[in-house]
Amino acid sequence: MEARFHHRVKNMKGLCFLHPCIVGAVTSSNRMEAQQASPDSSSEECTVLEALPGKGTALICSQHKGKVSVLYCLSCENSVCEDCMNGEHAGHPTDSLENIVDQQLAALQDRVDSAQNRLPQIREAVQSLRDILQQLSSQRSSIEEDIHSSFSELHKTLDTRKSVLLMELEVTSGLKQKVLQGQLDTLLQEEAAINYNCSQTGEALDGENKAVILQTHKDVGERLSDLASQGLPLQPEENDQLDLMMDIEGLRKSIHNLGTIVTTNAVASQTEASGEGLEQCVVGQPATVIITTRDKSGGLCKTGNAIISAEVCTPDGSVADGEIVDHKNGTYEFQYTVKKEGNFSLALRLYDQHIKGSPFQLKVTSSPDDSPPTTTAANAASTGSSDGGARKRSAKSPGSRSRQKGVRRGGSLLGTPKKRVNPIEDDLIFRIGTKGRNKGEFTNLQGVAACSEGKILIADSNNQCVQIFSNTGEFQSRFGVRGRLPGQLQRPTGVAVHPNGDIIIADYDNKWVSIFSSEGKYKAKLGSGRLMGPKGVSVDQNGHVIVVDNKACTVFIFQPSGKLVTKFGSRGNGDRQFAGPHFAAVNNNNEIIITDFHNHSVKVFNADGEFLLKFGSNGEGNGQFNAPTGVAVDVNGNIIVADWGNSRIQVFDGSGSFLSYINTAADPLYGPQGLALTSDGHVVVADSGNHCFKVYRYLQ
């Protein structure tokens, strides 16, 4: 066996011995090789490895030549021979050298294993840091491109304005010059005429020739009278004022403060959450959680704009929609509402990483005084309920018998990736989907769009993609790659189809709108640097892109090139204000219809953003809402609205008067989101809580 000496360890007395893990690695046939391989052999060693005739490899005591160390002095922590025990180590506790070697070998192996167990964590952290560094580099490149593009646009705008001003100067001065020059020409002509006629009277005025006088008076006298009495434009008919008014200083200040690089030092491992909404809340009542961002040292971050996401969910998926309010001081407020009882998970993430303590366990009760139920399972078993009665108890469900005369089918809430035809007489034609990440599966689907080519498009938010189906529910394709670079999707929430076939996607977390070809190839983005949290998108009759910014409570209208046409709205409860607006639709009059989530209403504006009307209030009655989401308009101008909190779809006329429900009794909705009309006249809705989309008959 080849001898390999890796290292030596000094004991407490400065004496050296070979580490126990290599004891026995040297045989009598390679003793010399072993000694030569030792990098630090010296005469100071008290215990050396030596091969004795007939004894193989052993530790030899240097104090007693030829004696083998077979014991280990526990007091001195050194190997000793029997003579040592009769001498200076007499009375010291000892143990078998072989036992000690085995113990130290086992301890060393445990430490190696413990150290190696850290390697997966280190590798994962290294990969995470590399991803962040790559993302940081990509973000820098993207922002650098945006800066160049923005200032290039500014240069173009300035050059255009310069040309306009020069043209305006030329036209204005030309008009003035024309008036003044015309007046000048008139006066010069009159002057020449007077001089000429006066010169004709010179001989007559000498008075010597009477015949000349008579003839001149006859020929020139009348003309001179006319010239003398003719009204002339003797006063200037224009002025010489041409001034330039330009607020250079104000523009200089604006340019000086133009743009800012937004970032924070917040890290998820130090960021904390607090508030009653962190542990419990009441069904149907708003709950609040305060998120305090901190840096790596635990210091409070004092600026906003951190990228925070929140989700309340069960093992089946997301069941609550909410809003994150940035207080711009390092703290954020997550406001949410849950519409059924039970135990839930509240996940709070900063830059896609769980903050300290996340996910949190959340208990939702029917009233503040409710105690934990102890007989729910027994009651469910005795009544034959398959879901604990949580959804069945909801007074807000449009599938309850007091609302619609449908019979709830057992197990109808269980999704399937295959198309399922509805056997009960209601408006449901089929449903597609279940929870998952494969084709035809969804995780928190949000926006819905339909196009004239007979396609249905679904914004699959937590799967970071858009899935495309036929009007009959057959899967066709999907596209989308998770990320924060142009062309990638981080949280797609809204989808629309442009008349030219382009697919327009609102990306809430990336804070921009992406434009893809009909084949799913990335083309451009718009709204970067303006949008804070785009939720829904639509297209008006001019081909303009309408973006509902949920976070900014503002509606933006862009040209497909990215140029801003106009914007309107702010946070509040006034007619032209919003509180968490969600989706938009456009009617035949090019009027824009917006669902105002937390104001429980629908508002209508003209193409310039002027308020026209609103309808709805908070409640469960006909025409009332509990947080409206999806919206669509039929050819007759009737408005179809997804009522998220009441889990139903209502239909209104163009003036906002309630008309009817779409019958969803046989397979009840659970938190509907986006909504659209298919090319064959049906209503398609994203049933977010059931992880599927459903298609209903709709009689226009």
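**Reading a helix contact**

Author: In this predicted model, E190, A193, I194, N197, C198 and Q200 of helix α3 meet T216, V220, R223, L224 and L227 of helix α5, where contact means heavy atoms within 4.5 Å and helices are DSSP runs (H or I, at least four residues) numbered from the N terminus. The residues of this contact divide into 6 nonpolar, 3 polar and 2 charged.

Author: Local features need pLDDT of at least 70, side-chain atom pairs count only at pLDDT 80 or more, and totals for chains, interfaces and linings use all residues. Residues are numbered from 1 along each chain as its sequence is written, and side-chain values use heavy atoms, with hydrogens and water left out.

Reader: At what angle do α3 and α5 pack, and how far apart are their axes?

Author: Two packed helices are described by the angle between their axes and the distance between the axes. Here α3 (residues 97–200) and α5 (residues 210–229) pack at about 155°, with axes 10 Å apart, which makes α3 roughly antiparallel to α5 (angles over 145 degrees count as such).

Reader: Which residues other than glycine have a positive phi?

Author: Most residues other than glycine have a negative phi, and most peptide bonds are trans. In this chain, N305 has a phi near 75°, while N590 has one of about 60°.

Reader: Is N590 buried or exposed?

Author: N590 is buried, with a relative accessible area of 11% (buried means under 20%, exposed over 50%, partly exposed in between, with a 1.4 Å probe and protein chains only), whereas N305, at 30%, counts as partly exposed.

Definitions and conventions
Axes are lines fitted to C-alpha atoms, for helices over the stretch in contact, and angles run from 0 to 180 degrees between N-to-C directions. Helices (H or I, at least four residues) and strands (E, at least two) are DSSP runs, numbered from the N terminus. Angles under 35 degrees count as roughly parallel, over 145 as roughly antiparallel, 65 to 115 as roughly perpendicular and the rest as oblique. Ala, Val, Leu, Ile, Met, Phe, Trp, Tyr, Cys and Pro count as nonpolar, Asp, Glu, Lys and Arg as charged, and the others, Gly among them, as polar.
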